[in-house]
Amino acid sequence: MAPRGSGGGGGRSRGRYYNNNSLGGDELPRSSCGFLLSCADRCENKCVSDVFRMMDEFWTSSSSSPTGGDSAAGGGGAEASDDKKKEGEKDKPASATADVDVSKALEEELKDLRAKSRRENAPFKRVDIGSRGTLYMVATEHAKNENDAKPLPTRVHDTVRAIMDDVDKTRRCKSRWLNRFLPVEDVCVAKLDDIKACAAPIIARHFGDPNDTAQDLPVYRYAVIYDHRICTKLDRLGVINAVVDSVPKRHVVNLDRPQIVVIVTHVKNSAAITVVHDYYELAKWNMSELAKPPEERMGQNEREKRLAEKEAAKKRKADDKAEEEGADAKRAKT
């Protein structure tokens with residue numbers, strides 16, 4: 001019998017998903033928000049570049065913009081400086097071409113420095129968690145905007161939702177490498193009591209205050225999902241119950257067609273809390289699948305078939321019950 005890990009399966013297949021150059025990696029920063037991403041194996045850097053590009057398009061902030069530094073430096077005098085350059089070029093002799101080449105090189109270097117500065121001051125940065133195909137991008141202090149009334153976790157959620165809605169509308173995937181794109185609203189220690197305390201304010205934002213007794217409050221169908229990576233698995237039912245305890249009682253659990261899904265992702269010793277709407281309608285927030293037509297999405301036909309069979313069985317059961325009650329009524333009359 002071959003030694004464990006050296007044969008045709010277990011050890012080698014598991015090793016594909018761990019980064020041996022940084023065993024252990026970093027923990028998810030506690031009390032942080034950001035994005036939890038899954039991507040093609042060994043394409044993490046390309047995936048991060050695509051996310052930065054999407055943030056340039058969708059992450060709006062009045063305090064900064066992708067081209068804010070360049071425009072502030074130039075200001076209204078850009079046209080005047082261009083005119084001066086043109087006048088200077090007219091006066092230049094033919095022997096000054098070397099100086100022009102040097103100035104172009106300096107401009108290129110300045111562009112690179114600006115790009116580097118923009119990346120360092122980006123609203124999000126990557127956290128290496130030591131797992132291939134799984135990324136966490138945490139919101140930095142540059143993501144905060146005092147002029148925005150929305151809390152930062154809400155802005156993170158709304159940004160990812162805007163990206164997914166755009167993919168769903170245009171059927172154009174914004175990244176070749178990115179798969180699931182989940183907004184994380186908070187991170188805590190992976191213990192049941194901590195998960196319950198961390199999830200409570202997040203659930204209140206999406207489901208409403210559990211102590212609110214007003215009439216005509218909205219009622220949602222919801223589900224709770226527990227996922228785990230690079231860790232010793234917690235009791236799944238215990239995690240789900242810890243979350244459900246914080247949900248107002250008027251809402252209804254529905255695992256087949258939930259309107260809201262709460263996802264607890266257990267990574268190492270941390271738990272990331274995600275709340276998303278239209279989870280199955282948006283292909284489980286998988287960008288590459290969402291870009292496909294609904295009938296071509298992985299598992300979509302099987303899921304719809306399973307739900308249809310379940311509803312048909314429920315209808316047959318109701319019809320049989322009604323038929324039995326009718327027969328009982330007839331026998332009672334006779």
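This is a predicted model: local features need pLDDT of at least 70, side-chain atom pairs count only at pLDDT 80 or more; totals for chains, interfaces and linings use all residues.
1. Glu325 belongs to a negative surface patch, together with Asp320, Glu323 and Glu324.

2. Next, look at helix H6, spanning residues 152-170, where you will find threonine 159. Is threonine 159 buried or exposed? With a relative accessible area of 7%, threonine 159 is buried, because the cut-off for buried is under 20%. A polar atom of the threonine 159 side chain lies 2.8 Å from the backbone oxygen of arginine 155.

3. The backbone angles deserve a look too. Most residues other than glycine have a negative phi. Lysine 268 is not a glycine, yet its phi is positive, at about 60 degrees. To find lysine 268, go to the loop between strand S8 (260-267) and strand S9 (270-277). Lysine 268 counts as buried, with 12% relative accessibility.

4. Aspartate 278 is another residue other than glycine with a positive phi, here near 55 degrees. Where does aspartate 278 lie? Its place is the loop between S9 and helix H9 (287-290). At 27% relative accessibility, aspartate 278 counts as partly exposed, because that value falls between the limits of under 20% for buried and over 50% for exposed.

Conventions
Residues are numbered from 1 along each chain as its sequence is written. Side-chain values use heavy atoms; hydrogens and water are left out. Patches are made of residues with over 30% relative accessible area and no salt bridge: like charges are joined within 9 Å, nonpolar side chains (Val, Leu, Ile, Met, Phe, Trp, Tyr) within 5 Å. Accessible areas come from the Shrake-Rupley method with a 1.4 Å probe; for residues, only the protein chains shown count as cover. A salt bridge is a side-chain nitrogen of Lys or Arg within 4 Å of a carboxyl oxygen of Asp or Glu. Lys and Arg count as positive and Asp and Glu as negative; His and the chain ends are not counted. The place of a charge is taken as NZ of Lys, CZ of Arg, CG of Asp or CD of Glu. Helices (H or I, at least four residues) and strands (E, at least two) are DSSP runs, numbered from the N terminus. Buried means under 20% relative accessible area, exposed over 50%, partly exposed in between (1.4 Å probe, protein chains only). A polar contact is a pair of N or O atoms within 3.5 Å; within protein, one must be able to donate a hydrogen and the other to accept it, and residues adjacent in sequence count only if both atoms are side-chain atoms.
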